[in-house]
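I opened the file to go through strands, helices and the chain contact in turn. My entries follow in the order of looking.

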Amino acid sequence: MGPKETDNLEPTARVAGLYVGFAGRGVLHDLTAEFYRGRLAVILGRSGSGKTTFLRALNRLNECFPGSETRGLINLKLQGEWRDIYGDIVPLTELRRRVGMVFQTPHLLPISIASNLALPVKLVLGLPRGEIPSRVEWALKEAHLWEEVQDRLDAPAHTLSGGQQQRLCLARLLALEPEILLLDEPTASLDFRSSLKVEELLLSLKDRYTIIAVSHSLSQARRLADEALILRDGSIVQRLSREDLQAPDTLQTLLDEIF
Amino acid sequence: MIKGISCLAKACSWLAVVVTLGAVMLFLGFLGAKGLNTFNLTLFFGQTPPWEAITGHLPVWHGIWPACVGTVVLVLLSSLLAIPLGLASGIYLAQYASGSWKSWFSLAVELLAGIPSIVMGLFGFALILFLRKTLAPQANTCLLLSAVCLALLVLPYLIVMTQTALEAIPGELRLVGLSLGFNPWQNLVHVLLPLAGRGILSGVILAVGRAAEDTAVILLTGVVANAGLPAGILDKYEALPFQIFYLAAEARSEGELAQGFGAALILLILTGALFLGAYYLQSTFSRTWDQKKLII
């Protein structure tokens, strides 16, 4: 990995003074952070520290829950323009396809592999029917899945292994041409080998997308992260560069302090 | 000690299953033994030639064919009224309603579920009396009125089953469609409803079964012992449950009583067929959904 490149990179996402609460109880407090395309950010923290809520603030999914309240600033660079996603009138559907999300467990629809990609492409992008198969193929290749599934595109999606399902979820996002990828513990339900495959995929995508991943595993953060943000009680308490993460003494401190 | 309790619980569960199955078997056996030997064309058409009876050219006396047709039409008509309304209400309760609206509406549904069918029949009867005195002096009890009252009677099953099925979908799964940029309507139609399909079907089956067997409602709203094939939805009609009741209560000979058992068996078969039909529809629907090829 090269030297630290933050200086000559421009951020693609800026979060400032973010507060998120549910029914009056604050989950995130005064959270400030920047994210960059090409610099994979991993958010670490105990369960309950607000990791998932933070990701869901970025695609406004918190609003699907009753009593949610969001204050502060989230600016995202979408299609080359800075958009204040809570202030500007960005249609929610447009925002959510530009800011794609992968959940802890792969949630595929009980339809065929190809349809899992084709349905959102058709509904959200409204691509003409003729263009859909090539888009599906492109997305599956992008998610390193094409080789494994090209002979059984019409098979039900749940016949895939856990790791393949999670990569299919990623392919489903990529087919919608997102710019920011939010990954909520994407390997939590996978075995080690499948996790490595997903990580490999993420590393290959990070130069073209802004990737923000939540992880519960320090070793995964060390393999993936260009930058790690430590979240505790709804605030970022520490930022670590890749070099910091590799240093053996940081590891020990982190283990003691955070987990 | 714990092992003993567990063994006892196991034995009780087995016993419960055996008793239930035994009761069903006994019931079917009894009905079969009494009713099966009446199965012939006379049971359905009396002395009328079958083809003329089916096409309605000649009236049927002492046969249950008009009652079979009446029941099928009645069930279809009330399903047509109740299913869209029940599904829509269930969706509203599960997806859109919140706060005090939701609790008021739920209370109303529970109240409706608690209304005895004879009261629903009386409601229909009173409604016709009211209409005769006010808007429509010509109004009379009829197939449509029965269907409306039956629809009201089965509505709570549909609403509650639809609501429960939708609310049982796990939290993250409801977010997936939205997280991909579906609008709420697309999420409902393409993700939530198909996932809830099986539960909704159970509601439909319950409702259809209830509509087919109910006697009290139709008794007061338009069913008669002899009307022939239903001429229209504003006319009197015959129906199997009432036919069974009538034959059992007023039987003048062994033969007529046996005909009652035959009719009961037919009603059972008819309801079974409706269930199978609903199941078949649902499985075809979910199969097309499974292998959705329309877009690829």
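Entry 1, a strand pair. I began with A:A41, whose bridge partner in β9(A) is A:E227. The model is a predicted one, and I read every pairing below with that in mind. A:A41 belongs to strand β3 of chain A, residues 41–45, which runs parallel to β9(A) and is joined to β9(A) by 5 bridges.

Entry 2, the other neighbour of that strand. I looked up β10(A), residues 235–241, and found that β9(A) pairs with β10(A) in the antiparallel sense over 6 bridges. Within this pairing A:A228 stands opposite A:L240.

How many of the 6 residues of strand β9 of chain A are buried? I count 5 in the stretch 227–232, so the strand is largely enclosed by the rest of the structure.

Entry 4, the open sheet. I traced 4 strands of chain A in the order β2-β1-β4-β5, with antiparallel pairing. Which strands stand at the edges? They are β2 (25–36) and β5 (81–84) of chain A; each has a single partner strand, so one side of each is left without a neighbour in the sheet. On average, neighbouring strands of this sheet are turned by 5° against each other, direction ignored. I also checked β4(A), residues 68–78, against β5(A): they pair over 4 bridges in the antiparallel sense. One position there is A:N75, whose bridge partner in β5(A) is A:D84. Helix α1 of chain A, residues 51–58, packs on the sheet and touches β1 (11–22), β2 and β4 of chain A. The direction of α1(A) makes about 65° with that of β2(A).

I compared the length of α6(A), residues 162–174, with the rule of 1.5 Å a residue. Its 13 residues should span 18 Å, and the end C-alpha atoms are 19 Å apart, which agrees. Is α6(A) mostly covered or mostly uncovered? It is mostly covered, with 12 of its 13 residues buried. Among the buried residues are A:G163, A:Q165, A:R167, A:C169 and A:R172. The buried residues of α6(A) pack against the helices α3, α4, α5 (146–149) and α7 (192–205), and against the strands β6 (99–102) and β7 (180–184), of chain A.

I find 31 residues of chain A and 20 residues of chain B in the contact. On the chain A side, α2 (92–98), α3 (113–125) and α4 (132–142) each supply at least two residues. The largest share, 8 residues, comes from α3(A). By type, the side of chain A that touches chain B divides into 19 nonpolar, 5 polar and 7 charged residues.

I list 10 helices and 10 strands for chain A. Of its 259 residues, 45% are buried. Among contacts with a separation of 6 or more, 71% are between residues 24 or more positions apart. The C-alpha trace spans about 50 × 45 × 35 Å along its principal axes. A compact globule of 259 residues would have a radius of gyration near 18 Å; chain A has 18 Å, which agrees.

Terms used. Residues numbered from 1 in each chain as written. Chains lettered and ligands numbered in written order. Predicted model: local features only at pLDDT ≥ 70, side-chain atom pairs only at ≥ 80, totals over all residues. Rg over C-alpha atoms; globule rule 2.2 N^0.38 Å. Buried ≥ 20, exposed ≤ 12 C-beta atoms within 10 Å, placed from the backbone. Contact = placed C-beta atoms within 7 Å. Nonpolar A, V, L, I, M, F, W, Y, C, P; charged D, E, K, R; others polar. Pairing = 2+ DSSP bridges. Expected span 1.5 Å × (residues − 1). Axes fitted to C-alpha atoms, helices over the stretch in contact; angles between N-to-C directions.
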